[in-house]
Amino acid sequence: MSFAWAKQYEPQTALTKWLDEKLPFPRLVYNAVGAGYPVPRNLNYMWNFGVLAGFCLMIQIVTGVVLAMHYAANAQVAFGTVEHIMRNVNYGWMLRYAHANGASFFFIVIYLHIFRGFFYSSYKAPREMIWLLGVVIFLLMMATAFMGYVLPWGQMSFWGAQVITGLFSAIPLVGEPLQVWLLGGFAPDNAALNRFFSLHFLLPFVIAGVVILHIWALHIPGSSNPTGVEVKQESDTVPFHPYYTAKDGFGLGVFLILFTFMVFFLPNALGHPDNYIEANPLSTPAHIVPEWYFLPFYAILRAFTGDFGIPFTDVVLIPAKLLGVIAMFASILVWFILPWLDKSPVRSGHYRPLFRKFFWVLVIDMAVLTYCGGAPAEEPFVIISQIATAYYFLHFLVILPIVSQIEVPKPLPFSITEAVLGKDKAAEAPRAGTAQGGDAGSLPDGSLQPAE
Amino acid sequence: MSIRLGGIIAGLAITAVLVLWSLVPGAYNYAFGPAPEKQPSYAFYEHGEGPAGGFSFDGAFGKWDYAQLQRGYQVYKEVCSACHSLKFVAFRNLQELGYTEAEVDAEAKSWTVPGIDPNTGETTTRPGMPTDYFPMPFANNIAAAAANNNAIPPDLSLMTKARHDGSNYVYALLTGYTEPDAEKAAKVGFETPLGLYFNKHFPNVNIAMAPPLAVDGQVTYADGTEATIPQMSADVAAFLTWTAEPSLVQRKQTGWWVIGFLLFATVLAFLSYKQIWAGLKPKKG
Amino acid sequence: MAIDTAASSELSTQDGVRRRDWIHIAALSTAGVGGASLLFPLVSQMAPSKDVLAASSTDVDVGAIQPGQSIKTTFRKQPLFVKRLTPEEIAAAKADDAVDMRDPATLASRTKEGHEDILITMGVCTHLGCVPLGAAEGENKGEFGGYFCPCHGSHYDVAGRIRKGPAPLNLMVPEYSFSSDTVVRVG
């Protein structure tokens, strides 16, 4: 797709002309992230994180492939080969720290990208497919990160593998055999380590594939923007290159400064000391926690402490363990139906006063869940995480549908041009349509004009 | 509409289950149930601090104090190595502490490592070579447990990274052997179990390791430094920081170059970005 | 954020042009330098690691080797032939010193002074890296009584010099020194 005014790729040299006929790859790039992709001119820095996430994926694949040249996935030697990388391999310590912290930074970037999507309702029509693919990427990332954390075969690796595969044992009837099948044994050992390594190597390339679909889907409607008003005219957009390549270049620089600061000065701050103890199947660390980026979901998992049954009898309908597992998976799966839960015709949180308040409550809620996920399973953290978990589900499943129904949005600018410059000649033309109710996805852009 | 209705119902159902079956019983129990019993030993734990003035490698500009590392190595060799292995460190690595190649050769020879008789193939021992790794004091975990009252002395190669704030922790632990406050102990009925030792900086204050640095002057330093217990503790903590992360100083130094370069590049990228956007002429629609 | 259109358009059309170009070139070349320097750790990680480099010396006890016997040991994970020549073999090797060879060398240049009977060579054929025969009892020693590589038929004489076949060079003599009369440190 493209807007009518998008620049056309014109090969200049004989070589590029020849290439354009045989394999128009330069044209593809030109239209995807070059001058041929018109982008709203009003994107703020929150729109940097898509490019940064792609960059993180590249960091992880490059450092990961290199680390795999020195690592051995065998329970006898895995821990030792990681130390071999740290001590003997040229720049091995740098590569490993970049990979370990790269995972954390990938998640920081992705969380900001997701919350950008929450605030500006980037999931709404016509961009539902982009959002759905994004949730798929996030799930694949979680699986990849978990399996990667197992590979050093430290104490947290081992017990993480034990506990996370243990989640599946909560499933009625097939649970226990399923866990044994996943591990290839009765406890994590060579079989589990080897398959995790294999999948940890494979999945990033699957992610890369879904990322291509994600970007492809993005180029159908074009990028969203902070006003949530769709692009109407050429003056609403600028070519991606050089405007956003330059801006993303600057954003990348800031990101790299923060990232390298962690790699070179605080490389173990985001990890857990126990993972520098070799895996010991006979002794669990006193306080096991997943990596920080899983903590909110871990808190949701642990929030369910009571079996769901008939009160004052011994009848248990759903045991607490299974409830926690269901809730944890549901907490992410709920994102899949998000485009259909929030039906407000206005996208941007800037023009949605009530929605905006709840958005910030959700941000705080996630922070509380993260904190509680890392805290020991004691009071008052259990009660706090239960309240936060309740809010999490209420937010997506109850509050968003109701708010989108009752909220009176603020007036929207006529166009991006008007939002940026304060005036837009095209706006002088009679305005039609208001922002009350209605199904934004099925209506043309006119439905997203301001309520006056 | 049906998705939203279903969502609202599902959301309320999840919340109801969570609140009624988990939150309410838990909160009731927390408010009116018996308070969870804490082990009396918790009352005696004190968070440990590092040596006064910190370590030379602390901070973003930290550097190794090679004399200290060599002293720490001496403490490890003469005291710790009786029970604790250092299996990820090779004798050749000692050259990084400022020893010459010949000194490392001689040092390696002073250790006995397992070997194989070239004629009979039987296991035997031989003097160490620079390429050998520090030998294990016990043949295996069972032997280690049997010789140490069922507590296996952990490998020390990574100890300072395997504990929170590890360098300071090692120092605090080695200087933390005291007697518990007798009055307080009598009050809560606390007693260090037989065969264990009281250490206020060990997480459960009862440690299986007997005080390894018991008297001042236990080690005679070659450089004439007075071998007080805090001095020996700080030295061996510094040495173990090196064994856990030999690249620590190189890492920080490389970091300054990388970050300096990135700052420069980012400023340029910012100027370039601003230039490009400054040229943006709004097209009136 | 409104853009001051008048000022910015003026800047870009008049005196701003050269400064702007300079900044873009500087920013792009800095990014290029950064990207290129990333290659350094990525390339050098594939070079031998510290433990491999450190394991590059081997002590060999040559005292027990009888004249005419060879032992095979390893140096840098490759076979190393240590052979004690008999007086007849020394004489034969010396007699051939002046013969036209592909890679001319004398026996003296391939052994240490005072230890002319100890020949230490890599057991790696210089053709394509197979291990030549002849170090063990009863193996084919080739037409020149030294070593014979069965892969492509290279014949080495008693001093390990290439005499016939495709190999371009003599069997390599590694750097070594006698640390005592009977112990050799290779590497």
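Helix H2 (residues 66-78) of chain B and helix H7 (residues 229-244) of chain B have axes that come within 7 Å and cross at roughly 100 degrees. Here axes are lines fitted to C-alpha atoms, for helices over the stretch in contact, with angles running from 0 to 180 degrees between N-to-C directions. Helices themselves are DSSP runs (H or I, at least four residues), and strands are runs of E of at least two, numbered from the N terminus.

On the H2(B) side, the contact uses Gln68(B), Leu69(B), Arg71(B), Gly72(B), Tyr73(B), Val75(B) and Tyr76(B). H7(B) answers with Met232(B), Asp235(B), Val236(B), Ala238(B), Phe239(B) and Trp242(B). Two residues are in contact if their C-beta atoms, placed from the backbone, lie within 7 Å. By class, this contact has nine nonpolar, two polar and two charged residues. Nonpolar covers Ala, Val, Leu, Ile, Met, Phe, Trp, Tyr, Cys and Pro; charged covers Asp, Glu, Lys and Arg; the others, Gly among them, are polar.

A word on the model: it is predicted, local features need pLDDT of at least 70, side-chain atom pairs count only at pLDDT 80 or more, and totals for chains, interfaces and linings use all residues. Residues are numbered from 1 along each chain as its sequence is written, while chains are lettered from A and ligands numbered from 1 in the order in which they are written.

Now for how the chains meet. Chain A puts 53 residues in contact with 50 residues of chain B. Several helices of chain A each supply at least two residues to that side, including H4 (78-87), H12 (320-333) and H15 (381-406). H10(A) gives the most, with 14 residues. Chain C also touches chain A, with 11 residues from chain C and 12 residues from chain A. On chain C, helix H2 (16-44) and helix H3 (50-54) each supply at least two residues, and the largest share, three residues, comes from H2(C).

| Side | Nonpolar | Polar | Charged |
|---|---|---|---|
| Chain C, touching chain A | six residues | three residues | two residues |

As for chain A itself, it has 16 helices and four strands. Its C-alpha atoms fill a box of roughly 75 × 70 × 40 Å along the principal axes. Buried residues (20 or more other C-beta atoms within 10 Å of their own, with C-beta atoms placed from the backbone) make up 48% of the 452 residues in chain A.

Notes:
A residue is buried if 20 or more other C-beta atoms lie within 10 Å of its own, exposed if 12 or fewer, and partly exposed in between; C-beta atoms are placed from the backbone.
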